[in-house]
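Open the model in a viewer and keep the selection tool at hand. The stops below say what to select and what is there.

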Amino acid sequence: MEELLNPHVIFWIWVLPVTKTVIATWLVMAFLVVGSILLTRKMTLVPGRLQNVVELFVEAILNLIEGMSPGYGRQFLPLVGTLALFIGTSNLANLVPGLQAPTGNFNTTLALALIVFFAVPYYGIRNQGLRNYLKTYISPSPILAPFHIIGEITRTLSLALRLFGNILGEEIIIAILFMLAPLFLPVPMMLFSIFTGIIQAYIFTILTVVYLSASVEKAGH
């Protein structure tokens with residue numbers, strides 16, 4: 001449990017510490033890159049089972065975005081789909097013996113939340129233009145500008161803390177139960193871990209789409 005709260009530094013790259021979380025993140029990224037190459041290198045008009053799974057995932061994300069922000073599905077898909085895949089895979093990484101979920105570390109979830117934080121003005125400016133986007137901060141009154149900025153900062157922290165807290169809490173509960181009953185609980189706990197990991201990835205994805213949709217809807221779409 002101490003490893004979850006204070007990851008041990010395995011080695012250093014110049015001044016940068018490399019912990020188990022960093023190595024788990026690299027493995028997740030490598031798994032996704034290699035898996036994506038293998039699954040998409042032989043796409044056919046008549047999809048096989050694996051291609052069907054990929055297409056169902058893409059369509060699900062696309063429909064989710066279009067349902068909340070019509071017309072922006074293809075524009076948001078690369079970012080939202082990548083976040084959903086990475087977070088979902090990271091949440092399930094603790095099922096592999098010796099690995100811990102990268103999302104059980106606050107640095108990882110904060111980095112993911114910061115990506116969303118910077119994506120919001122990017123898509124807002126891209127679709128509204130810089131001038132119109134900045135106007136949204138002083139609408140309906142310039143007095144509200146600080147509150148708009150504070151709101152964006154706090155929701156970013158909330159996004160990071162929600163994912164971190166849920167995954168860390170889940171790992172701690174599983175670790176405690178595994179110590180108490182190592183022979184009877186692994187399978188139920190693995191199923192519980194899969195369920196909560198997918199749910200947390202879904203919540204993060206939904207909130208990301210909500211924030212991106214708000215950034216482009218301010219233009220009156």
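Start by selecting Ser 213, which sits in helix 8; helices here are DSSP runs of H or I with at least four residues, numbered from the N terminus. This is a predicted model, in which local features need pLDDT of at least 70 and side-chain atom pairs count only at pLDDT 80 or more, while totals for chains, interfaces and linings use all residues. Residues are numbered from 1 along each chain as its sequence is written, and side-chain values use heavy atoms, with hydrogens and water left out.

Is Ser 213 buried or exposed? Ser 213 is buried, because its relative accessible area is 3% and buried means under 20%, exposed over 50% and partly exposed in between, with a 1.4 Å probe and protein chains only. Show its contacts (heavy atoms within 4.5 Å): leaving aside residues up to four places away in sequence, Ser 213 touches Met 68, Ser 69 and Phe 76.

Next, select Leu 212. Leu 212, Phe 76 and Phe 204 have the most contacts inside the largest nonpolar core, which has 35 residues. Such a core is a set of buried Ala, Val, Leu, Ile, Met, Phe, Trp, Tyr and Cys residues joined through side-chain atoms within 4.5 Å. Helix 8 gives the largest share of this core, eight residues.

Now select Asn 127, in helix 5. Asn 127 is partly exposed, with a relative accessible area of 25%.

Residues 108-125 are 100% helix, with end C-alpha atoms 26 Å apart. Residues 191-214 are also 100% helix, and their end C-alpha atoms lie 35 Å apart.

Last, select Leu 32, Ser 36, Phe 57, Gly 81 and Leu 85, which lie nearest the centre of the largest pocket among its 32 lining residues. A pocket is an open set of points on a 1 Å grid over the protein atoms alone, where a 1.4 Å probe fits, with protein on both sides within 12 Å along at least five of seven lines; lining residues have an atom within 4 Å of a point. Helix 2 (20-40), helix 3 (49-68), helix 4 (73-91) and helix 8 (186-217) each give two or more residues to this lining.
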